[in-house]
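Student: I'm new to this one. Could you show me how to read helix packing and nonpolar cores?

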Amino acid sequence: MIDLLLPFQYEFFIKGIIVSVLLGGICGLAGVYIILRGLSYVGHGLSHAAFGGAIVGNIVGMNYYIGAIIWSYLASFVIYEISKRNKIKPDAAIGLVTTAIFAFGVLLVSMTDRYTRNFESLLFGNILAITEQDLYVIVSVTIISAAFFFFLHKRLVFSFFDNESAKISGIKTSHIELLFSFVLATIIIVSMSSIGVTLLASVIVGPAISARMLSNNFSNVVFLSIIIGCVASFSGMYASFFLDASSGPTIVMFITLAFGITALYTLFKKIYHSHSHGSISHSHPHMHTDEHRHEHTHR
């Protein structure tokens, strides 16, 4: 008989569970704002920029976290400036800038003998190799990022939903968007050694789009995305122990499973609703929030 509590007897597994739940939750939270902004590709792009920065940092002799932070923030700023000044859509700027940084990192790896297995864990994740220092960093970033979204929630939503009205209301939307990019980059950086650069985009976007299919209310979407991210990450981590599989890909499979279940649920719900009322009901194509008003905010 399988001992379902066996994994919890190991300290490395408990540490991995804590990390996976924290990252699943904060990535789920950030993902809602990403799909709201229509920038689903940004998570994929910034994770590639962080990987390139980590390689550059390691080669010049600095901590790969520092290298990843410098290059990710630089990429965020360059993307913002290109989009702002040249009227180029953000997704095009993201594709060019982040891929170039990633390619530069890979180029350096091919030209040096200092390649290590650490870069493999950055690409595919190794959550069981998380150190105490990594855990403290992840907890700190999770708390700071959650505080950012909590205290700037209204400004973020107002800026993303109605940028022009937000500007008229006195909100510095450009500063808000740039700050959001920096926070997102930080979340990606602390996540990539656990989840992996190649898998991270799914962890960020997956819970958010699943939650979006379940509700049109923004607050509900945020709550559901966090829950889906946490539960799927916990389940993936837990299952990986018994499957003797890599935790990163297993977590992504559970997030994909959650999306599949959600898609089937909404499909059957629509079919049932159609048969019950004789026609498919009409619903608004956008999320509703308490902040989505076309009136000036008194400051």
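Tutor: Let's take helix pairs, then the cores. This is a predicted model, where local features need pLDDT of at least 70, side-chain atom pairs count only at pLDDT 80 or more, and totals for chains, interfaces and linings use all residues. Residues are numbered from 1 along each chain as its sequence is written, and side-chain values use heavy atoms, with hydrogens and water left out.

Student: How are two packed helices described?

Tutor: By the angle between their axes and the distance between the axes. Here, α1 (residues 11-37) packs on α6 (residues 132-151) at about 25°, axes 10 Å apart. That makes the two roughly parallel (angles under 35 degrees).

Student: Which residues of α7 and α9 meet?

Tutor: Arg155, Leu156, Ser159 and Phe160 in α7 meet Thr173, Ile176, Glu177 and Phe180 in α9; contact means heavy atoms within 4.5 Å. α7 (residues 153-161) and α9 (residues 173-192) pack at about 110°, with axes 10 Å apart. They are therefore roughly perpendicular (65 to 115 degrees).

Student: And what is a nonpolar core?

Tutor: A set of buried Ala, Val, Leu, Ile, Met, Phe, Trp, Tyr and Cys residues joined through side-chain atoms within 4.5 Å, where buried means under 20% relative accessible area (1.4 Å probe, protein chains only). The largest one here has 64 residues, and Tyr33, Phe149, Leu156, Phe180, Leu184 and Ile187 have the most contacts inside it. Its largest share, 13 residues, comes from α1.

Student: What does Leu184 touch, leaving aside neighbours within four places in sequence?

Tutor: Leu184 is in contact with Ala30, Ile34, Val42 and Leu46. A second, separate core of 13 residues includes Ala50, Phe51, Ile55 and Ile189.

Note on methods. Axes fitted to C-alpha atoms, helices over the stretch in contact; angles between N-to-C directions. Helix = DSSP H or I, 4+ residues; strand = E, 2+ residues; numbered from the N terminus. Parallel < 35°, antiparallel > 145°, perpendicular 65-115°, else oblique. Buried < 20%, exposed > 50% of the residue type's maximum accessible area, 1.4 Å probe, protein only.
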